[in-house]
Amino acid sequence: MTHSTALRSIVRRTEVTWGLVAAAVAAVLPLIYPSTFLLNVGPQILVMGVFAMSLNLMLGYTGMVSFGHAAYFGMGAYTLGILMQKTAVGLAASLVLAVAGAALLALVIGFFCVRLGTIYFSMLTLAFAQIVYTVVIRATPLTGGDQGLIGGIPVPPVRLGPWTVALRSPLAFYELTLSLTVAAFLLAKVLVDSRWGLLLRAVRDNGDRVEFLGASARGLRLSAFVAAGGFAGLAGALMALYVGGAYPDFVYWTKSAEPIFMVLIGGMHTLLGPLVGAAVLVGLTAVITQYTSLWGLVLGAILVAFTLFLKVGLLDFGAERWRSRAAAAPGNPPVGGVARAREAK
Amino acid sequence: MDLGAFAQCVSSTLCVVSQLTSALITGLILFLVASGLSLVFGVMGILNFAHGSLYMLGAYLSFSLLRLNFGVATVAAALGVAVIGLLLERVFIRHVYRAPLLYQLLLTYAFILVLDDVAKLIWGYDFVSMGVPDAFRRPPIFIGRAPVPAYYMFIIVVGVVVAVGLWLLLTRTRFGRIIRAAADNPTMVAALGVNVAAVSAGVFVLGSFLAGLGGVLAAPVRSIFPGMGFSILVESFIVVVIGGLGSVAGAFVGALLIGFVRAFGSVAFPALEEGLVFMLMAAVLLTRPRGVLGVGKEL
Amino acid sequence: MDNGMNRRQFLTAAGAAAAGATLGPLVPGPRAYSAEPIVVGFVSIFSGRVASLGETGYRGLEFAIDEINAKGGLLGRQLKAIKQDSAGKIEDAVRVARDFVTRDKVDLLMDHSSSREAFAVREVSRDLKKVTMVTASETTELTADPKARTPYTFRAARQTLHDGIVGGIYAAGVSKAKGMTKWYSASPDYAYGRASTEEFFASLKASFPEMQIVGQAWPKLFEPDYTAFLTKMLQDRPNACYSALWAGDLVTFVEQGGLYGLFDQIAFFGINLADYTILKALKKVPAGMHSGSRYLTNVPDTSANKSFGERYEKKYKELPTNWSQECYTGMQFLAEAVRKAGSTKSDDLVKALEGLTVKAPWGVDGTVTLRKRDHTIVNYAIGWGQTQPQAPWVPKTSSVPWDKILAQEEAYLKSKGWV
Amino acid sequence: MALLDVRGLSKAFGAFQAVHHVSFAVEAGEFSALIGPNGAGKTTLFNLLTGHVPKTAGRVIFDGADITHRSPHDVVHLGIGRAFQRANVFPAMTVLDNVHAAVVAHERAHRDPLRAARRDAAGRARALEVLEWVHLEGAAELPAGSLSHGDQKLLDIALALALRPKLLLLDEPTAGMHPEERRATMALVKRLWRDLGMTVVFVEHDMDIVFTVADTIRVLHHGELVAEGPPAAISTNQLVIEAYLGEGVL
């Protein structure tokens, strides 16, 4: 068992325990030590973490590089925003409908995109996301146009056993976002560890071979695209609650780039990686902008150093570091198979 | 949708000529930047997000070299950007040739952040305007009854000359043949004893020169500010995709196509113009993924 | 700026506890004990394309604070401002505002971000009940639309409707004189550009019914190349053109328009032209263009305004922009309200701010007022005039009395169903 | 009754006739070889059979059913397994996961995204059993990419075996191996053919192996079936000699 693969399988099997331990600590911390960093930056990290994790269902687990993932993030934000502003639909129902709406949009757009491969797939997802952006800006009566959904999102207090909780208070919103993030993480973990997840990884490694095993690679890619869209819708809905509205910025292509970099920094071989990447990127920006408006220079330098020296996601233990020289893969000595076959003749 | 205006415009020579010239102007500047992007991607397989920042640096450098006469300033600024491109390639990009595509994007995205702030430090956070050089401050030239400013004629001439020059370079010179071969099969070219590292550096410098030249030509007529490379980056991606990934001829056709859609689109569909370009891109991707000319890279 | 319990919070808490425990309600809370500064949190954009919004705005605030501190501060406490870049991202603007209120315990918020962020920051002000002075967003709906109002938000920034009304009346006068009936518009295609154009033409139509719109160009915001719109406009041969383009876009438009000799044939009405950053950036300011005053040291033509411009230029080596003077004026309102309320508690400040009139260089008669009905500023100087290629760039400006502006505003709001 | 009945199968890429009017029948239980010089159309023929390349003309009957126009996935589920000239596996996944993926795909178990892969005891046991057939159970937890070339070829065959195929099409199973390994691999395949009662058609260039193991040989040349029959007949067939030695040599 080579050192790297052992490490990776350990991380992959234990990421649930690590994730739950971290979540438990994060849940209790603000109750004992009132840190405003957690209550203000925390939700933003969690929302972007779920968004990056949703992208990783495609990027790390199915090998699909989407440049337009913000379309479904924005769809979730606008669905929740419109429902809660203009109809009597409650918070829970709006969250579910936001996820469903985003997944549906992903099904429609995904149907076209999964027909193309590699760079053409990426470019088509970008094109469709920008078309969604144009529609959002033009549909002023529904979406508020380029001004966005203004007027705030009314969130009535929720009865939780003896207490009535005002969800707009920073602590309540933090705990709500944290619990939904944990739920999304566990559901995603079940999905990637399922037999369906196994075939996603097969599609990532070699889509053609999957066709020869009797499964449709395109069908699997589309299902990954829709699942990722659904989770992105949840992240978008939570962002709408965080800012109290939905804005075209949530559908613009720069919002699609953010999760890509979070997955790269955090690591693409686990589900926890993107969450770590979100914490690093959002956390760093929040801290740097406190000291200088030249945050681009500082963050840019850090990213350059990261790309050239670490060369792999933070949680990608044992993943193959790409080598700057095309070192030929070492000739691997036969392990079993043919050698053993010779003896058993 | 304003088809009445569109029909009326197409019927009058004045409207057609002037919209045609404006299509040429936007198209040619876009071609200079997009051809650089396409060349770098075609030969080196690198999607350079920072290409827009090189366009910005070209504009800033020509603004700073304003004291020299315009011709010298133009070439000097474009060469300056070429040198910056060489530095970026030799110090950083050379390490990511074999990196997965996404790590190249992360690195070049980081360049955007750094270069925009560097521009802000050197030339200030506010926009600056260079103004058209005095040699071109004269009444517009008239083609038929359509006015075409002298400076725009200059852009059209330079744009066409550079396009033809680039085409000749790629098809007639040895360096051009090596570039096209490297675009097709870098490993084989290396096997033939060609120093691929030098070719890659050369191509990146050429790409940077073209982006810088685009910035230099645009500087006198557009306001210059940190981050101005952003919008032309997205448009260049569209051009490269529509024209065909890695193909310079495709980039020429794609750039002019975008120029026409912008010029005549603003007449026919004033409100939709932004989405129109992306619908065109989606249509090309779905019907001819390898680009309008079908010469894009087979991936 | 560590987070969690810092020295300042400890002192306030200790002071309050001591007062509460021993002297009961008689002693008016921590005010007497604490020499802590009154802190203003400044939310804006300091990077990217509109960095000058944050940079010049913050200077206006700083300039006002230094003036007030020089005269002993407020309620015996010094004033202090803190800032953080929202980098133009909505969720960052919300986070910065929340950090200011919960982490840095600011007493006042100044929201100097663009209109979308302004709407988002307003939700924070509503949730955390913190008085917020909006000093950049000029969108009419922010305060005119009752459904979008929040109790703790006030606006010291000019409103597109007021500018449009004065501009329309001025343009009607010029159009009647020169028989300019065919009008065109070239404004950026987003909420501000569309509202400003609609309000200008509504006012122009009211005063000059003969005018008609022969064509409208809607370039996208931050459009780098206007040639297609310029050539189209030349073919429609209008007499005059209105534009709500601003900053870099306006400079590009004027530069490219000049190449086509556009302004020799068409009278240009640029509502955002008279701003010192633009006048400085344009190599040669074309003569005879009509412009609304963003900020000019001669609008209003009072000694207070002239001295404000000179003192600001002495300190920062550049003349104030409209954004600087809006932040300066915003701080005057907040300071006067703190003095009048005698405290920094939000509810007291809201009562003090509603209907408040303060002395400010921008005031038509030296004073400006925060209207109680919609918490927005009125009675500020708006002047239109023609440009000349050298300082003071717009020497003579004419304006409209505020009762006429308010009457026409009322009619417009009724047509929108907001009144 | 023939397991596979191919009638007038053709494939033209523009003017080039890759496969021209090929007809033959494969009896159940055959262990036959498909030989012919490079470019004779062998791989194209395989692609036509499994439907991964559209047919220009002809019909294919498999196990009594007309599969001419069936989609590739259905054809594979009906019982045709394939292994490739260049080992076509899932490099980043473990060897066990590779075969387990094949089992899951075959049982269409991936339709239910909630059933955990790790706890699919039956599926993993099946996968391990297939690995034992090809002596790769020792490398179960290794990433497939780290196996030697020969082992990857065997894993490729294992993927096909996991689909319980009635007909196994092997495209040069011993390509790239040295002679000693080739004989061992072919012996292993023949033993599996016997134990599992399958029908096998394999492409092979090493004539020593072809003439020792194959019970029937079919020869393709320029896209046409030029000869078919037991090894003895084929070795003396004039057309075959010409095909291999090139026309007009004699």
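Me: Does Val312(A) count as buried or exposed?

Reply: This is a predicted model, in which local features need pLDDT of at least 70 and side-chain atom pairs count only at pLDDT 80 or more, while totals for chains, interfaces and linings use all residues. Residues are numbered from 1 along each chain as its sequence is written, chains are lettered from A and ligands numbered from 1 in the order in which they are written, and side-chain values use heavy atoms, leaving out hydrogens and water. A residue is called buried under 20% relative accessible area, exposed over 50% and partly exposed in between, with a 1.4 Å probe and protein chains only. Val312(A) has a relative accessibility of 10%, so it counts as buried.

Me: Where along chain A is Val312(A) found, and what distance separates its C-alpha atom from that of Gly266(A)?

Reply: Helices (H or I, at least four residues) and strands (E, at least two) are DSSP runs, numbered from the N terminus. Val312(A) belongs to the loop between α12 (295-310) and α13 (337-343) of chain A. Gly266(A) is 46 residues away along the chain, and the two C-alpha atoms are separated by 8.5 Å.

Me: What is the radius of gyration of chain A?

Reply: Chain A has 13 helices and two strands. The radius of gyration, taken over C-alpha atoms, can be set against a globule rule of 2.2 Å times the number of residues to the power 0.38. That rule gives 20 Å for 345 residues, and chain A comes close to it, so it is as compact as a globular protein of that length, with a radius of gyration of 22 Å.

Me: What share of the residues in chain A is buried?

Reply: The C-alpha trace of chain A spans about 75 × 45 × 45 Å along its principal axes. Contact means heavy atoms within 4.5 Å, and among the contacts in chain A between residues at least 6 apart in sequence, 74% join residues at least 24 apart. Of the 345 residues in chain A, the buried share is 64%.

Me: How many helices and strands does chain B have, and what is its radius of gyration?

Reply: Chain B follows the pattern α-α-α-α-α-β-β-α-α-α-α-α-α-α along the sequence, which comprises 12 helices and two strands. A compact globule of 299 residues would have a radius of gyration near 19 Å, and the value for chain B agrees because it is 19 Å.

Me: How far apart do the centres of the positive and negative side chains of chain B lie?

Reply: Lys and Arg count as positive and Asp and Glu as negative, while His and the chain ends are not counted; the place of a charge is NZ of Lys, CZ of Arg, CG of Asp or CD of Glu. In chain A, the mean positions of 23 positive and 12 negative charges are 4 Å apart. Chain B has 17 positive and 11 negative side chains, and the centres of these two sets are separated by 12 Å.

Me: Which residue is the bridge partner of Ser243(C) in β9(C)?

Reply: Ser243(C) lies in strand β8 of chain C, and at 0% relative accessibility it counts as buried. Two strands pair if DSSP finds at least two bridges between them, and here four bridges join β8 (residues 240-243) to β9(C), the two running parallel. Not counting residues up to four places away in sequence, Ser243(C) touches several residues, including Ala186(C), Phe268(C) and Ile271(C). Its bridge partner in β9(C) is Gly270(C).

Me: Which residue of β10(C) is the bridge partner of Gly270(C)?

Reply: Eight of the eight residues of β9 (residues 267-274) of chain C are buried, so this strand is largely enclosed by the rest of the structure. Three bridges join β9(C) to β10 (residues 290-293) of chain C, and these strands run parallel. In β10(C), Gly270(C) is partnered by Ser291(C).

Me: What is the omega angle of the cis peptide bond between Ala391(C) and Pro392(C)?

Reply: A cis peptide bond also joins Val299(C) and Pro300(C), with omega about 0 degrees, and Pro300(C) is in the loop between β10 and α12 (303-316) of chain C. Pro392(C) is placed in the loop between β14 (384-386) and β15 (397-398) of chain C. For the bond between Ala391(C) and Pro392(C), omega is about -10 degrees.
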